[in-house]
Amino acid sequence: MTPRRSKLDTAQAILTMENLVKSICSPPRRCTPEMGDTPLPEALDSKDTMKQFLSDRVIKAARSVYSVMIERNPGLIRDRKLYLKTYRQCCSGKELVDWLMKQNECLQSRSQAVGMWQVLVDEGILVHVKHELNFHDKDTQFYRFQDSECGLNHTTNERDSEDELQEALSLLSQLGPDALLTMILRKCPSQRSAEDLEVIYEELLHVKAAAHLSSSVRKELAAVLVFESHAKAGTVLFSQGDKGTSWYIIWKGSVNVITHGKGLVTTLHEGEDFGQLALLNDAPRAATIILREDNCHFLRVDKQDFIRILKDVEANTVRLEEHGKTVLVLEKSSDWAEQGGAGNNSKYTVMSGTPEKILEHLLDTVKLDSNGNDAIEPCVSDFLLTHKVFMPSSQLCPALQHQYPDTLSEGSDQEKASYVLTTKQKVVKLIGQWVALYGLLLKEDPLALDFLERLKKEVAGDFRLSSMLKEQFRERRRTKVLENGYQSLSRNQQFDWFSNCEEPVGRLQPIRAQDKVLYEIYRPDNKPLTLMLPVNTSVQDVMSAIVKPGGDHILVKMNSTGERAQLKLDGTAVYTALGLNERLFICTSSQVEQLTPLKEQQGPERGTTDILEQMGSKDIASELTNYDWELFTAMHEVELVYYVFGRHKFPGAITANLERFVRRFNEVQHWVVTELCLCEDLVKRAILLKKFIKIAAVLKEQKNLNSFFAVMFGLSNSAVHRLYKTWERIPSKTKRIYCAYERLMDPSRNHRAYRLAVAKLSPPYIPFMPLLLKDMTFINEGNPNYVDKLVNFEKLRMIAKTVKIVRGCRSQPYVPSSPQRGLADRMFLEAPATRISTYSDHALPLRSPSNIRHYIQNLKVIDNQRKLTQLSRTIEC
């Protein structure tokens with residue numbers, strides 16, 4: 001049986017993250033008002049009202065689609081005959097999909113169009129002539145619009161109808177994937193296609209209840225899951241003492257868990273599961289499950305399928321033993337779904353093992369070709385990206401040296417020479433990939449650097465190997481020269497591990513562990529002390545540089561609200577890890593309670609509306625993106641591993657670049673709230689609000705999702721959302737755009753709306769970093785590092801997959817956006833000439849790129865939510 005892994009308590013996982021990452025798990029905000037209506041009252045935060053609000057928008061979208069269809073293609077709706085029976089005034093499923101594909105060029109597949117029509121079927125706007133629940137892309141399946149019941153008949157002018165159609169298609173395309181998934185789940189398991197199984201499998205990757213399961217188990221589950229729904233709250237799913245027949249995952253809604261004598265024990269929500277224990281132990285149900293709300297959906301696994309899956313996994317598991325102990329656990333890979341194992345030609349995937357045995361197995365998977373340019377297997381890069389978790393350099397380097405053979409005791413001379421050369425090539429290739437992944441970071445690791453220098457000399461002493469490597473090296477350099485059009489080739493160029501490692505190009509250089517930074521530390525009287533110290537200086541060393549040893553001084557960090565935290569003496573790199581508006585203070589233990597925040601920590605007292613109104617939205621967004629790219633490229637992806645597992649567990653490692661990028665998200669988020677709450681003039685505030693929405697639109701267009709979400713979270717802040725008078729002055733079209741963007745923030749189904757949007761992007765793009773960190777924490781907290789004293793490599797593979805997203809985002813070079821008008825310009829239809837004419841001559845320098853860049857890189861913000869709320873109530877009581 002596959003080793004069991006512990007499950008994740010989501011609340012516990014979220015608590016381990018910074019406030020920034022916590023924020024992405026907050027409930028979705030309500031949409032802004034439409035068509036000049038007043039903002040939605042607080043009561044509309046309830047699920048029922050939000051559902052009604054969304055249903056109204058779907059009906060409006062259906063009305064637009066129906067009107068355009070009647071106007072342009074009235075022949076689609078007509079009488080049809082099938083098997084001697086006539087169906088009055090209906091459309092065929094295939095023709096509806098064909099029509100939608102023509103209207104929306106962005107649709108990449110017919111299944112996307114099917115999902116959009118399924119939304120209307122689910123709402124009862126489009127009805128199958130035989131009242132089937134699923135939409136079918138077939139000529140023989142007929143559907144009718146419920147035009148009279150849903151009020152679909154209305155007329156608009158041509159320009160308005162085209163705008164409304166595009167808005168309708170945008171809404172349906174966002175809701176379509178969810179409807180398509182539900183449609184697939186409603187199918188009988190035996191009727192699901194390979195494509196259907198792939199869709200379900202991808203969804204299970206982000207379901208809490210399946211986080212601890214191996215990929216092979218998730219693949220098996222995709223084939224047997226049964227969709228089950230119940231309409232009414234209070235329905236008893238099963239009672240305590242009943243025979244266990246199924247395992248349930250909550251797909252939508254929530255349930256109460258009740259036991260005899262104790263009453264309500266707990267409440268389970270979307271993504272959680274119940275009923276597994278009774279199947280494993282073949283015991284009666286230990287509790288009663290009652291639906292807590294209407295319209296709950298479940299994914300059900302029946303007992304016979306559950307037991308069969310366990311048996312299948314056991315049958316596909318191979319355990320290698322040495323001296324009576326298991327040293328490697330392999331699992332047979334499936335033919336479909338993600339390729340995360342040992343490559344397409346390998347049938348087995350590493351699940352767990354000793355570090356040395358995993359390395360030995362992975363070396364066997366390394367393939368060699370004539371020039372050494374073939375891609376290394378994904379599992380090898382998974383190992384290298386995460387090796388410091390279970391195999392630090394002090395252990396990896398000797399293991400690699402052990403795998404680098406000198407001689408072979410058995411076989412003919414030719415066989416021995418061939419084996420030794422091949423094995424050495426594999427080791428060198430794996431080390432080359434190690435250097436390629438870590439780059440110059442390995443030069444900061446004395447053990448790794450010493451090992452690489454020693455091996456370099458051994459390689460140089462092997463004539464056949466060194467000649468082969470030099471030729472491969474020259475071939476790679478030749479390819480690089482052809483691609484980049486510069487650099488020179490030298491025939492006598494020596495082999496060097498770091499020859500292809502380059503510093504990131506840009507104004508902002510990565511922070512290194514030994515770099516010195518200016519520490520600002522304040523006394524209790526708020527007077528600063530400044531000193532230059534290395535980034536990774538310990539708290540003990542910082543204090544030794546300020547005060548004499550032997551006293552009772554402590555180092556404290558304090559934020560703008562006055563919250564204090566004493567730092568441990570063995571803590572390192574504390575200055576670069578400070579949060580937004582946090583400062584360091586040194587004092588005695590008795591002085592801690594007397595510490596008060598600095599004036600600069602409180603944020604600005606006046607906003608910069610006058611400056612912002614002189615800058616173009618696209619110029620601001622472009623500089624935000626340019627600066628974000630510098631921060632993003634300065635960060636090494638392995639910093640995510642250090643951050644999630646705990647930097648203190650990796651001696652000498654820093655996460656300063658990642659922390660700087662994470663802090664930037666918070667800074668931009670609070671910048672939006674600060675500026676709006678400090679703008680007292682209602683008219684200017686409404687203009688500024690519209691500007692921020694356009695900035696979000698441009699950021700999304702530039703594929704800067706990190707700052708896009710930062711701006712959106714700022715606009716969704718309660719201090720901004722309560723500004724009803726301001727929102728009333730926003731044009732209805734701008735409100736609709738904002739509402740569409742707000743749907744991307746929906747955290748349901750583990751932020752499925754965002755993940756679907758990202759899946760359509762091609763690099764380069766900047767991802768929503770807090771969600772990546774949440775995903776990695778989800779995996780880390782839900783799975784142990786070791787299973788039966790063996791490294792849990794399945795967990796590390798999942799961690800590495802998330803880390804590789806960062807590498808994929810940066811796989812293509814970022815090119816700053818051109819000044820041409822983009823989609824955001826067409827959406828907002830701003831007239832630059834009109835805007836410029838309102839400026840005075842002395843204001844024009846503020847619009848220069850250098851001044852905008854300086855402004856963007858030096859934002860002053862208020863991060864105290866209580867203060868922001870007070871300011872909001874002052875300007876709009």
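This briefing covers the nonpolar cores, a few paired strands and the cysteines of the structure above. The model is predicted, so local features need pLDDT of at least 70 and side-chain atom pairs count only at pLDDT 80 or more, while totals for chains, interfaces and linings use all residues. Residues are numbered from 1 along each chain as its sequence is written, and side-chain values use heavy atoms, with hydrogens and water left out.

**Nonpolar cores**
- A nonpolar core is a set of buried Ala, Val, Leu, Ile, Met, Phe, Trp, Tyr and Cys residues joined through side-chain atoms within 4.5 Å, where buried means under 20% relative accessible area with a 1.4 Å probe, protein chains only.
- The largest such core has 131 residues, of which Phe383, Ile431, Trp434, Trp671, Phe709, Leu715 and Met769 touch the most other members.
- Apart from this core lies another, of 65 residues, which includes Cys91, Val119, Leu152 and Leu185.

**Strands**
- Strands are DSSP runs of E, at least two residues long, numbered from the N terminus, and two of them pair if DSSP finds at least two bridges between them.
- Strand β1 (residues 78-82) pairs antiparallel with β2 (residues 85-92) over four bridges, and arginine 78 has cysteine 90 of β2 as its bridge partner.
- Two residues lie between the strands of this hairpin, in which tyrosine 83 takes a positive phi near 50°.
- Strand β2 also runs antiparallel to β4 (residues 142-145), joined by two bridges, and serine 92 has phenylalanine 142 of β4 as its bridge partner.

**Cysteines**
- With a disulfide taken as a pair of cysteine sulfur atoms within 2.5 Å, the count is zero.
- Cysteine 90 is in no disulfide, and the nearest cysteine sulfur, that of cysteine 91, is 6.9 Å away.
- Cysteine 90 counts as buried at 0% relative accessibility, and cysteine 397 is buried with a relative accessible area of 6%.

How values were computed:
Buried < 20%, exposed > 50% of the residue type's maximum accessible area, 1.4 Å probe, protein only.
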